[in-house]
Amino acid sequence: MEALNAFSVSLQAVWNDSGFSAFTMGNGIMILVGLVLLYMAFVKEFEPLLLGPIAFGCILANFPNTGFFGEEMNVMKAINYGITYEIFPPLIFLGIGAMTDFSPLLARPSTLLLGAAAQIGVFVALGGAMVVGFNVHEAAAIGIIGGADGPTSIYLSTKLAPHLLGAIAVAAYSYMSLVPMIQPPIMKLMTTQAEREIVMKELRQVTKFERVVFPIVATIFISLLLPPIAALLGCLMLGNLFRESGVTDRLSDTAQNALINIVTIFLGTGTGMTMNAESFLRTDTLLIIGLGLVAFMGGTAGGLIFGKIMCKLTGGEINPLIGSAGVSAVPMAARVSQLVGMKSKPGNYLLMHAMGPNVAGVIGTAVAAGTMLAMLK
Amino acid sequence: MEHSPVTTNPLIIMMINMTVVFIVLVSLMFLIKLIHMVDPTKEPEKPAQSDEEEPLVAVKSEPLPAPEPTPVVEQGVSPEIIAAISAAISAYGFAGQVKAVRIINHEGTPWRASAKFNNLQRK
């Protein structure tokens, strides 16, 4: 009888400690959301490297009684610290810097203006978010989705609106993966056939001196002007310096392969872990996803409009299609410019030219984030 | 230290931010141009010469090129195939003369064929 009693009490204790006893409808919905995201990542291949860990983190976050964010230290809590203390986004930027070739930008510095113009989407969405009732901090974090720069979106929302991190990260990465679907109709709508057919002049050769000096000068200038983004910009340029110096191949290789892969796993999983039912299943999430789309479309349109202006000012030397690449999303946005250009005129290779505004967009989004941090934090 | 935002007017925030973004990126543009100007490794730009200023140079009669050697062709390869190969090579932009044509032994594993294909692509 005593054994039966003990057995029953133990079973009761196991049930009480299990996730089933505290499982809610919200948890179930979020696990389904996670499964849908997993499907999109692994079957549809929408940004699988990031959406995969985010989706799995979302599923993990919705198991009750795991104690992931309790008193005791555990691996999930440690990963969460990497996001809360803004460690992962700059490390991702280190890898991006090591993978980025700034030569197209250095060969034609005027494309920096396209990277600046594409930031208009950030501020259009900021205004829209304030109109629908978000406060200025939340609106700034939502607006940065328009920059199509995942690490910067996470960096800014961690600082200004940490409770919206999950929704903002999912919106940012979803739209980044949907660049080939969102941008072409806007590009075709805003440009004429003749503009799309413009063949741009070949870029000049960039010397090693320029490629090495640029990241150093840019870091000094931007970090002094906007210290809140010194970590992001500094890591981006340090990674690039590893690549261009020619004497740190091992560091460059680590930054653009092993390091960025490891940090991507942690950043994705940690971001997904913020998507618990209580913070995600709100009307705000739908608004954020809608505003993110507005921001993204606004950024694309801003880049194209400025591309058209530059086309007129240069007497038709600039193909306006490269303007849409001003919304970071490296290198996908540049590839979209190339594809739309090729469809209009086979043999018109715009990729190299579009990489200029594309990397300018990365810098532009970071600068926009830094300006908002300086104004609002 | 956190402080209250200077303004919460979205239009003013937008104007200020866009101005700052443009100023920073335009400044970077000038810095890039400055780096290019002070670059000690850049090749000096060639001054554009008009046709009138072009100095007269005595034209040397060049010796006639030696007759191109005929390609070494393995037995069983017809002249039409040689012509087609030469045309394809020329279409790819290679102006050189075909030196030899050999029949490749297709026997072997798919890995071997793949390696050969890979090798050709690298060339």
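1. **A loop in chain A.** Ala329(A) sits in the loop between α19 and α20 of chain A. Helices here are DSSP runs of H or I with at least four residues, strands are runs of E with at least two, and both are numbered from the N terminus. The phi of Ala329(A) is near 40°, a positive value in a residue other than glycine. Ala329(A) is also buried, with 31 other C-beta atoms within 10 Å. Buried means that 20 or more other C-beta atoms lie within 10 Å of a residue's own; exposed means 12 or fewer, partly exposed is in between, and the C-beta atoms are placed from the backbone. Pro331(A) lies in the loop between α19 and α20 (332-344) of chain A as well. The peptide bond from Val330(A) to Pro331(A) is cis, with omega near -10°.

2. **What kind of model this is.** This is a predicted model: local features need pLDDT of at least 70, side-chain atom pairs count only at pLDDT 80 or more, and totals for chains, interfaces and linings use all residues. Residues are numbered from 1 along each chain as its sequence is written, while chains are lettered from A and ligands numbered from 1 in the order in which they are written.

3. **Another positive phi.** Asn65(A) is not a glycine, yet its phi is positive, at about 60°. Asn65(A) belongs to the loop between α4 (48-61) and α5 (75-84) of chain A. Is Asn65(A) buried or partly exposed? Asn65(A) counts as partly exposed, with 14 C-beta neighbours inside 10 Å.

4. **Chain B in outline.** Chain B has three helices and two strands. From the N terminus on, its elements run α-β-α-β-α. Of the 123 residues of chain B, 8% count as buried.

5. **Helix α1 of chain B.** This helix covers residues 10-38 and has 29 residues. From first C-alpha to last it reaches 42 Å, close to the 42 Å expected at 1.5 Å a residue. The expected span is 1.5 Å times one less than the number of residues. Buried residues in α1(B) include Val20(B), Val21(B), Val24(B), Leu25(B) and Leu28(B). Which parts of chain A do the buried residues of α1(B) pack against? They pack against α7 (103-107), α8, α9, α15 and α21 of chain A.

6. **The contact between the chains.** The contact takes 35 residues from chain A and 28 residues from chain B. Two residues are in contact if their C-beta atoms, placed from the backbone, lie within 7 Å. On the chain A side, the elements giving two or more residues are α8 (112-117), α9 (120-131), α15 (208-225) and α21 (351-376). The largest share, ten residues, comes from α15(A). By class, this side of chain A has 25 nonpolar, seven polar and three charged residues. Ala, Val, Leu, Ile, Met, Phe, Trp, Tyr, Cys and Pro count as nonpolar, Asp, Glu, Lys and Arg as charged, and the others, Gly among them, as polar.

7. **The largest nonpolar core.** It has 134 residues. A nonpolar core is a set of buried Ala, Val, Leu, Ile, Met, Phe, Trp, Tyr and Cys residues joined through C-beta atoms within 7 Å. Ala140(A), Ile142(A), Ile145(A), Ile168(A) and Leu25(B) touch the most other members. The largest share of this core, twelve residues, comes from α21(A). Look at Leu25(B): leaving aside neighbours within four places in sequence, its contacts include Leu112(A), Ala116(A), Ile363(A) and Val367(A).

8. **Two packed helices.** Helix α11 (residues 150-160) of chain A packs with α21(A) at an angle of about 5°, with their axes 10 Å apart. Axes are lines fitted to C-alpha atoms, for helices over the stretch in contact, and angles run from 0 to 180 degrees between N-to-C directions. That makes α11(A) roughly parallel to α21(A), a label for angles under 35 degrees. Tyr155(A) and Leu156(A) are among the contact residues of α11(A), and Ala369(A) and Met372(A) are among those of α21(A).

9. **A helix in the open.** Helix α1 of chain A spans residues 2-17. How many of its 16 residues are buried? The number is zero, so α1(A) lies largely in the open.

10. **A buried methionine.** Met297(A) is in helix α19 (residues 283-313) of chain A. Met297(A) is buried, with 20 other C-beta atoms within 10 Å. Not counting residues up to four places away in sequence, Met297(A) touches Gly121(A), Ile182(A) and Ile186(A).

Note on methods. Angles under 35 degrees count as roughly parallel, over 145 as roughly antiparallel, 65 to 115 as roughly perpendicular and the rest as oblique.
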